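Subject: Structure handover

Hello,

Here is the structure I promised to pass on. Please open it, then read my notes below.

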Amino acid sequence: MVDLKNINNILLIGMAGGLAQLTANLITIKHPHIKILGVDSRKPTTDLDKNNIEFRRMRYTRGNFEKVFREYKFDLVLHLGRMSHANNDNASLIKRLDLNLMGTSRILDLALKHNVKKVIILSTYHVYGALHDNPVFIDENHPLRASIRCPELRDVVEMDQICTNWMWKNKNEIETIVLRPCSIIGPQIRNTMSQYLTTPYAPLPVDFNPMFQFLHEFDMGQVLMESISKVPTGIYNVAPDDVISLKDARRKTEVPSIPVPIFMLEQAAKVIKFIWSFPDYFINYIKFSCIIDNNALKKHIGDDFFRFNARESLELLKMD
Amino acid sequence: MFNYFKNSFNFSAFNSSLKANKFKPIFEELNQKYPKGSDPWGLNIRKSIKSLEKIYPFYKHYFKVRVLGKENVEDKAYMVVSNHTGQIAIDGMLISTAFVLEVFPPRILRPMAERFITSIPFIGSWAAQGGAVLGDRQNCINLLKKGQSILVFPEGVKGIAKSTKDYYKLQNFTKGFYRICAKLGVEILPVSVVGAEEFFPYVYQAKYLANIIGIPALPISANFIPLPSPVDIHIGKPIRIPQKISHDSSDAEITKEVKKIENAIEEMLKEGLKKRRPFFANQNLKDK
């Protein structure tokens, strides 16, 4: 297992995202000897350069990555740069496939070539799919069925599978962790779920009420940091123990909702998207539950690792 | 017949049972058992109690449910195995109600629902809030490990969707439930329900048409609303899994043991049919 004392340089991909910034801050505050190079193709909203954190805006091409891998001797790669599905136009699709699939392969190959000690990849629970016949709880060995109902999620599943195949293939050379967190929410994260939970008059299904696990961004940052030294090679679901129904979650954030049957919502989505861009698969995830099993990770980080339960996370989201 | 209907639904009793709220201690115990008010499978105690309050008048005064063998139930998790009758799963609802209101200590049974149920708007979420879960092996194991009792109907759709000529004929049991019990060492609690077949006394199962439409069953019934047939729920003595049986035992061994459960429920059914209360729609079935 990697010791944090022996980690000096970290490459953090997806640095413009809220979770990446939070994780970088957590790591550098707790371990001041560590230097982080954060890269992203997006423009950050704030100044990210701090004492031990350097930000570089770059396109995710092989050449650019080769350059940074040569320039810095990375001990660890944190890949939080999966591109989301918020924009559904064709140009975004091509960019997304290139980034999520080809980009990830390039990064993994370079990590191996440049003797990186550990790679941590952030996947998502979306890979399991939101299906009516999902069991409770879904463990890490469950088939990845997201693209059965949502073909647009095939790149997310493929990216996860590229990483896990690569992980087992190279397990003797490099430590690799694939994390599949539940819905991450928090004031710094502007993902679809956080926006949905805090948007007034968002449609709420009247005919379905799936259960959800919500992970606070701070806890996710802590998991990423602790995974460096405490979690061995493998695939891990990340979720707190408690669950909450979607209706209760909306109630907790105290925003008014418009009750709509799902079949109407599927039609209305075409209009709503002009105002609020959200991924097509999202409707499916507010229809059926996808509750993941967190036991594998808890064996390594402990039973009471998470600071916030779902209700507290929602309270904090509301306060933002 | 009209008088029977008139007498079978006593509205004053309907209201008084709610007002008296004699089930307050039971509901308090349920609230203590589920302090979070919900669980990952979608159970919602508040809504479950509300549903029970609505179901109870029908349970007590419309279907006049009697529960026999309550003393066989102890304070532990069981795999409750029952025959399945009545075209729609009213029997499951009545058994679940009985295990909350009439069995001590009260418990919310977790009925294993057919896969298509969870995808039906309103019904899926209503069933989940009341305790029903998708009929999946992993769900069953996880719930039993958490000390929850499961309600299964191993006859499946074949059991519930029968034509009148096949009423009270047990269909072959599936074996999955037995392997789970063998794996976890959980006792089986046999239950037989008498009276539910007569909710819809004259039914023809249009199996060919159901196949074409792609639905599990298509009952064509003389009545659309279930008749107020008096229901008896017989709870048998718990059955332990023999030590020689494991969850990996051969199909032949498991089939033999499952057959014993089937026979036990069949015996309870026969006895139950002898003791059942008269009802105009069961007169032509009483000799079965």
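In chain B, B:Phe177, B:Tyr178 and B:Arg179 of H9(B) meet B:Asp251, B:Ile254, B:Glu257, B:Val258 and B:Ile261 of H11(B). Contact here means heavy atoms within 4.5 Å. Helices (H or I, at least four residues) and strands (E, at least two) are DSSP runs, numbered from the N terminus. H9 covers residues 176–184 and H11 covers residues 251–275; their axes come within 10 Å and cross at roughly 100°. The axes are lines fitted to C-alpha atoms, for helices over the stretch in contact, with angles from 0 to 180 degrees between N-to-C directions. H9(B) and H11(B) are therefore roughly perpendicular to each other. The cut-offs are under 35 degrees for roughly parallel, over 145 for roughly antiparallel, 65 to 115 for roughly perpendicular, and oblique for the rest. By class, this contact has 5 nonpolar, no polar and 3 charged residues. Ala, Val, Leu, Ile, Met, Phe, Trp, Tyr, Cys and Pro count as nonpolar, Asp, Glu, Lys and Arg as charged, and the others, Gly among them, as polar.

A word on the source. This is a predicted model: local features need pLDDT of at least 70, side-chain atom pairs count only at pLDDT 80 or more, and totals for chains, interfaces and linings use all residues. Residues are numbered from 1 along each chain as its sequence is written, chains are lettered from A and ligands numbered from 1 in the order in which they are written, and side-chain values use heavy atoms, with hydrogens and water left out.

Next, another helix pair. The axes of H3 (residues 24–33) and H4 (residues 45–62) of chain B come within 10 Å and cross at roughly 160°. That makes H3(B) roughly antiparallel to H4(B). H3(B) brings B:Phe27, B:Leu30 and B:Asn31 to the contact, and H4(B) brings B:Ile45, B:Ile49, B:Leu52 and B:Glu53. These divide into 5 nonpolar, 1 polar and 1 charged.

Now the interface. In it, 21 residues of chain B are in contact with 17 residues of chain A. The two chains bury about 1600 Å² between them, 57% of it on carbon and sulfur atoms. Buried area is the accessible area (1.4 Å probe) that two parts lose on being put together, summed over both. A:Asp133 forms a salt bridge with B:Arg115, with the closest N and O atoms 3.6 Å apart. The rule asks for a side-chain nitrogen of Lys or Arg within 4 Å of a carboxyl oxygen of Asp or Glu.

Last, the backbone. A cis peptide bond joins A:Val136 and A:Phe137, with omega about 10°.

Best wishes
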